[in-house]
Amino acid sequence: MSAFFTLWRREIAAYFLSPIAYVMMMFFLVIMGFSFWLLANVLAQGVAGVSIMRELFDSFFFWITTLTLVPVLTMRLFAEEKRSGTIETLMTAPVSDAAVVLAKYFGALSFYMMIWAPTILYVVVLRAFSPLAAPPDLGPIAASYLGTLLIGAFYLAIGLMCSAMTRNQIVAAIVCFALLCVLFFGGFIAFIARVDTVREIANYFCSLAHMRDFVRGVVDTRPVVFYLSGAALMLFLAIKLVEARKWK
Amino acid sequence: MDNMIEVKNLTKRYAGCTAVDDVSFEVKKGEIVGFLGPNGAGKSTTLRILSCYLPASGGAAKVAGFDVFRHSLEVRRRIGYLPESTPLYPEMRVDEYLSYRAALKGVGGQRRRQRVNEVKELCGLTDVGRRIVGQLSKGYRQRVGMADALVHDPELVILDEPTIGLDPNQIRHVRDVIKNLAARHTVLLSTHILPEVEMTCQRVLIINRGKIVASDTPDKLRTRLQGGREIVAEMRGAKNNVAQELYKLPGVTRVTTEAEDGWTRFRMECGAEDVRPLVFEAAARSGWTLRELRQEKQSLEDIFVALTRVEQEVK
């Protein structure tokens with residue numbers, strides 16, 4: 001267990017020891033800041049019927065950052081260790097394969113949460129200065145962050161799995177981005193399918209539809225189970241991929 | 001239990017080639033054993049199996065009585081392994097890296113700082129603790145790798161080509177460190193540089209094309225392969241008389257002569273007995289002037305070439 005925490009701490013430190021953390025944080029905050037500024041402008045004009053949480057957590061900006069952020073955060077996890085050979089010193093230390101995979105995963109997830117943390121200020125500002133009669137409720141706010149966390153948990157696990165497949169970071173990032181796009185845009189079937197059954201099935205994995213529920217404060221157990229079990233499956237695959245060197 | 005490493009019929013096949021072929025050997029506690037072979041002989045593969053990075057295709061390997069596959073974690077707790085390319089995290093500082101590796105290997109609390117300082121001193125890293133690993137020279141990086149392998153005070157230290165790419169001074173330093181390990185650790189190191197083995201190791205395992213072709217102390221290997229001694233004496237005297245006298249010495253089977261600026265060099269092939277005192281006495285008796293008298297040492301290099309070449313011719 002202590003080995004897990006040692007690895008987890010190093011994973012988080014590794015983000016801050018490379019320029020990735022700062023570049024990604026800036027990229028993220030610029031886009032989210034722009035999104036917030038647009039929202040503030042709309043609110044200032046007094047346009048009726050604006051869903052504040054939806055503008056922040058279900059916007060074009062939200063999805064474009066999530067879909068690009070995740071591959072960049074996860075691409076180096078295993079690929080870099082394989083490329084530089086440090087995987088050999090890592091895997092010959094007395095730690096289990098599962099501990100290594102989980103530590104890397106939770107390291108990435110922790111960093112993802114750190115990147116999101118400053119956006120809580122936006123919500124504080126909106127609650128304090130909202131011109132609307134009813135400022136955003138805590139319920140939808142909490143649900144929105146829960147949704148963001150769940151989506152991140154699954155997507156990051158996909159990225160981790162991709163990184164465990166290859167020794168090339170670029171390949172890991174591209175494969176991850178492709179898989180995320182398939183998953184995300186595949187979910188659009190939920191809006192366009194003519195057949196009811198197809199639409200219902202697509203609803204199970206449509207992140208966009210899930211997020212629309214979360215921003216309204218609706219926490220359905222189906223997406224919760226979907227993201228957690230999806231993450232677990234990806235982590236299982238990643239552990240098997242790390243073990244795969246022993247099958248050759 | 002005297003054996004630190006027991007390897008029985010170890011085989012490792014990759015797709016299309018056999019890297020290690022039915023290898024068996026043992027390493028006793030406290031020994032420094034050199035694993036010698038040309039490039040691609042299967043040295044690194046064997047070391048990787050012993051350090052639990054790769055599994056074997058067949059056979060068994062035990063470290064400190066634990067099977068490397070079934071009790072992998074127990075084995076890994078007891079070994080310090082330095083891979084061939086000395087992989088390190090370039091963005092970390094030396095102290096940070098060693099402390100992280102120590103924690104990962106279960107060295108906790110107060111003892112961790114103490115161990116980090118000890119290995120830094122042992123490996124000559126005391127002055128570079130605050131430096132970033134990626135900015136260090138190759139020699140210092142190698143030392144950091146060594147320090148990492150030693151930081152949890154392992155019973156067995158496995159070093160894969162520890163002196164590769166270093167300059168002569170750095171090589172000397174690494175060798176001194178290895179020699180100092182002998183008191184507390186068992187060491188298995190691989191190399192393709194022969195003098196290194198002669199200088200640091202008590203025993204040599206020569207491996208070629210995945211098979212162990214010889215295993216002995218460097219001295220014994222030398223006499224065994226040579227099958228006898230060669231004595232060289234440079235003298236001044238009537239050439240034929242001297243040669244005849246030399247033939248009379250016990251065990252001398254052949255004498256060849258070369259002339260050099262008025263001196264004659266006699267090469268005697270003889271048996272196990274050391275005839276040098278007898279040569280001296282004969283020279284004194286007959287009034288020959290003796291300029292040089294020595295035993296020709298066949299270097300380990302010759303043995304190595306002989307062993308590996310024979311193997312190749314058989315194939």
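Modeller: Start from one residue pair. In this predicted model, F35(B) has S190(B) of β8(B) as its bridge partner.

Strands of a sheet pair through backbone hydrogen bonds, in either the parallel or the antiparallel sense. Here the sheet is open and has six strands, all in chain B, in the order β6-β7-β8-β3-β9-β10. The pairing is mixed. Two strands of chain B stand at the edges: β6 (79-82) and β10 (211-216). Each has a single partner strand, so one side of each lacks a neighbour in the sheet. From one strand to the next, the twist averages 15 degrees.

Next, the helix on the sheet. Helix α1 of chain B, residues 43-50, packs there. Four strands of chain B are touched by this helix: β3, β7 (156-160), β8 and β9 (203-208). Its direction makes about 150 degrees with that of β7(B).

Last, the partner chain. The contact between the chains takes 23 residues from chain B and 19 residues from chain A. On the chain A side, α1 (2-17) and α6 (86-91) are the elements that give two or more residues. α1(A) gives the most, with five residues. By type, the chain A side divides into seven nonpolar, eight polar and four charged residues.

Methods: Residues are numbered from 1 along each chain as its sequence is written. Chains are lettered from A and ligands numbered from 1 in the order in which they are written. This is a predicted model: local features need pLDDT of at least 70, side-chain atom pairs count only at pLDDT 80 or more; totals for chains, interfaces and linings use all residues. Two residues are in contact if their C-beta atoms, placed from the backbone, lie within 7 Å. Ala, Val, Leu, Ile, Met, Phe, Trp, Tyr, Cys and Pro count as nonpolar, Asp, Glu, Lys and Arg as charged, and the others, Gly among them, as polar. Two strands pair if DSSP finds at least two bridges between them. Axes are lines fitted to C-alpha atoms, for helices over the stretch in contact, and angles run from 0 to 180 degrees between N-to-C directions.
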